[in-house]
Amino acid sequence: MKNKYNHIEVEKDINQKWIEKKYFKASDNPKKPFCIITPPPNVTGQLHLGHAWNTYLQDTIIRYKKIRNFDVFLLPAVDHAGIATQAKVEEKINKEGIKKEDLGLEKFLELCYQWKDEQYQKIIKQWGKLGIAYDYSKERFTLDEGAKEAVSDFFIHLYKQNLLYKGNRAINWDIKFQTAISNVEVINKSIEQKMYYLKYFIEDSDQFLEIATTRIETIASDAAVAVNPKDTRYLKFVGKKVINPLTKKAIPVITDDYVDIKFGSGAMKVSSHSMADFDILEKNNLESPESIDNEGKLTHIVTGFVGLDRFEARAKIALKMKEEGLLIKEENIISNVGFSQRSDEIIEILRKPQWFVSMKKLASDMLAHLSSKDKVLFYPKNFEKNIQKWMKNIHDWTISRQLWWGHQMPVWYKDDEIKVQKESPGKNWIQENDVLDTWFSSGISPFVFLGWPQNQEFMQKYYPTSLLVTGWDIIFFWVARMYFSSLNVIKQKPFERVLIHGLIRDIQGRKMSKSLGNGIDPMEIIDKYGSDVLRQTLIFNSTPGQDIRFSLEKLNPGWALNNKLWNISKYIGSLSYKKTKASQIDDWIENKVHNLNKKINKYMRTYNFSIIGKEIQNFIYNDFSSWYIELIKIDGNGYHPRRILKKILIILHPFLPFLTDYLFSNIFQEELLENRAPRLKAKKNTVEVDEIIEIVTNIRQFREKYQISKKETIKYCILNKELKESQIALINKLSFAQWENNKSVVVKSNNFEISILLTDKIKQQESEKINNEIIFIKKEIERAQKILSNPGFINKAPKHKIEEEEDKLNKYKEKLNFYLKKI
């Protein structure tokens, strides 16, 4: 091994070795299956830090399970990403002066598949640099042939249950991409805009209703004015008509509970460009022509403003109202506006014939399952409540998209007839032009990716999957849809558990984005620091459900840990080794390894990687490096250190896969992944080593505190306990000290009274220290007594917490008595 840790040399070719040796190939007959389906990234060719974090979490868990003898299966997949991919391909051909219509559907789809193949190869290379334990023999694409068949079957399955329908309803329309989008694809943003207060005169009267609106451009669509039935100010006007200030047509005054009495004037115009307004129109059997078209321009009904952009028209219509004396006032307000998650453009509400999933039964079934003992377990648990709340208030799901790239619907039209089936019913039948929402196909991935409907025998071996790892930002897009779809088709939950992670933000807490210029390419980090360092940085800063604030400085602890493990391993590997009986020192470190493994097992059950990271750091730096390596240098035999290092590398493998694999192979000439987690037992009779460490630590601290030269021998003795000659010899070597009976200044550690022979100057310093310690201990005793006399703490705190406080109090009292006697 070379002197310095070099991540490039360490990580080179190892992932390819894992693939060639098929270490992570799914077993056809798993005895202890553990399966994770990866959230398929979009085929854009570039994985960001969030993807790295997500896949590192999955991979770490898979490796942890593998070395514990599970038949693991981590399934790789990519998403066809309907809108995003079509936009990329269109952007590419548009630069060449070509439109998709010039190419035609078939040729355009060929380009889309070509784009997908190119981008997927880039993603595979990036997965390789990350070192993700995928079984590439089972890779899936949400638009592969198996998925196409599955999606059609799922569509037909829902249709037969009357859970699919085509309706002419209000939908969210993406002006930029010219397609419908679902409610969860609409992101509300707070923006500043103008609120206009207008006069709607009562028919044949000089009285008027004051109407407040931010969407003055939709006045021509107004079909009514609505007021809350509990608003006594307006009840006398209900049933009368008011004059539309722009079209001059008479429209009725109606009531609806939706109207907020406190918003604006409390009277609301009802038009065709609001989801809530559509509901009111339907309840009252009113018609409202659209004043805005697919392009976001004003239609023919807005006389004098036809063809104007909706936002440009806003100011011009307001000016016309002002000139006619119908604008009372305008004011700047901050309010929520819906933006398309895909295009980041303000969406428009339009009425269009679309296909919908009827959500009432699906939501009800899922909510019932979430209340059962068989429910999916969420980490952290509060996300279960979030998903329940969303499902209770869910709208029917718009699934048709006005795109070319995507799953075709198994729907056929002929005159006024509709047939839902895979194959064409015959001559003159035309297939639906719209494609399906990307999430419709992604929502069935837990069973489709495992082989449904073609290979259900294999699917059943790994279904339901063991775990889903995903960000909180797609719980409603993806997790909920997989849940209710799986319950409906397979009659089982899709996964046993869901681990939710947050988003990666910069050090200021801002979401990373191109526009802010704060994005960091994970591949660049790997080139500079290595995948293991990036993995540690992300997973050891990972707490379920919480975001990470990332900075390059956070990579330093991972780099330092790798260096430390490299140097320790190099030293142990260089030792000659002859089989001998294990010493107390070897048993002591075995105990520490046993405790580390026990803690890792405990916190892996709840995915508390941040605590695992701290435990590993403490073990490597303190127990293994600072003490064990120092203690074995006296003997110099590498037999037991090698045996122990072997166990440590296996235990640490899930968290540092490249480095542990490299060290294992180089030092032991074996493959780590052909080994299993070591069986560890707690060792007895290691107290003497703990005693040595405690005494050496206190002598060293004393030397540092009083700035005693390391060349000067410290003379000491233990007053309250006899030590073996072997212990004294080790203490003398490790702390450059010499036993000499004295009763000079006594240092009180947890278990020992260490008397150190001192100069008069140091005696004075020690006296001051004792007095300060007495003051501190008295305060701590007072604090502990207050806590233990508090009924609220005694009644509510866990038993172990109360016992901890009682133990602290007793130890403080013991220390106080000790120091008071010294005075």
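Lys 22 is exposed, with a relative accessible area of 55% (buried means under 20%, exposed over 50%, partly exposed in between, with a 1.4 Å probe and protein chains only). Lys 22 sits in the loop between α2 (14-20) and β1 (33-37) and has a positive phi of about 55° although it is not a glycine. The model is predicted: local features need pLDDT of at least 70, side-chain atom pairs count only at pLDDT 80 or more, and totals for chains, interfaces and linings use all residues. Residues are numbered from 1 along each chain as its sequence is written, and side-chain values use heavy atoms, with hydrogens and water left out.

**Domains and annotation**

- The protein is divided into domain 1 (1-29 + 504-666), domain 2 (30-162 + 358-395 + 438-500), domain 3 (177-346), domain 4 (685-757) and domain 5 (760-819); the bounds come from an automatic or database domain assignment.
- Between the C-alpha centres of domain 2 and domain 5 there are 55 Å.
- An unreviewed UniProt entry annotates residues 765-816 as "domain: Valyl-tRNA synthetase tRNA-binding arm"; UniProt positions are given in the numbering used here, feature names are shortened, and annotations may be inferred rather than shown by experiment.
- Residues 765-816 are 92% helix and 0% strand, and their end C-alpha atoms are 19 Å apart (helices, H or I of at least four residues, and strands, E of at least two, are DSSP runs numbered from the N terminus).

**Backbone geometry**

- Most residues other than glycine have a negative phi, and most peptide bonds are trans.
- Asp 344, in the loop between β13 (327-340) and β14 (348-357), has a positive phi near 60° and is partly exposed at 44% relative accessible area.
- A cis peptide bond with omega of about 0° joins Tyr 379 and Pro 380, and Pro 380 lies in the loop between β15 (377-379) and α11 (382-392).
- The bond from Trp 452 to Pro 453 is also cis, with omega near 0°; Pro 453 is in the loop between α13 and α14 (456-462).

**Buried residues and cysteines**

- Pro 446 belongs to helix α13 (residues 445-448) and is buried at 2% relative accessibility.
- Pro 446 and Ser 485, 39 residues apart in sequence, are 9.6 Å apart from C-alpha to C-alpha.
- Asn 244 is in the loop between β10 (241-243) and β11 (250-255) and is buried, with a relative accessible area of 1%.
- Cys 35 is buried at 0%, and Cys 112 also counts as buried at 0% relative accessibility.
- The count of disulfides is zero, a disulfide being a pair of cysteine sulfur atoms within 2.5 Å.

**Pocket and cavities**

- On a 1 Å grid over the protein atoms alone, a cavity is a set of points where a 1.4 Å probe fits but cannot get out, a pocket is an open set with protein on both sides within 12 Å along at least five of seven lines, and lining residues have an atom within 4 Å of a point.
- The second largest pocket holds about 770 Å³ of space (grid points are joined across faces, edges and corners, and a volume is the space filled by probe spheres set on the points).
- Of the 32 residues lining the second largest pocket, Leu 109, Trp 404, Gly 406, Gln 408 and Val 435 are the closest to its centre.
- Three cavities of 30 Å³ or more are found in the whole structure, and the largest cavity has about 50 Å³ of space.
- Residues lining the largest cavity include Glu 185, Arg 342, Arg 401 and Asp 437.
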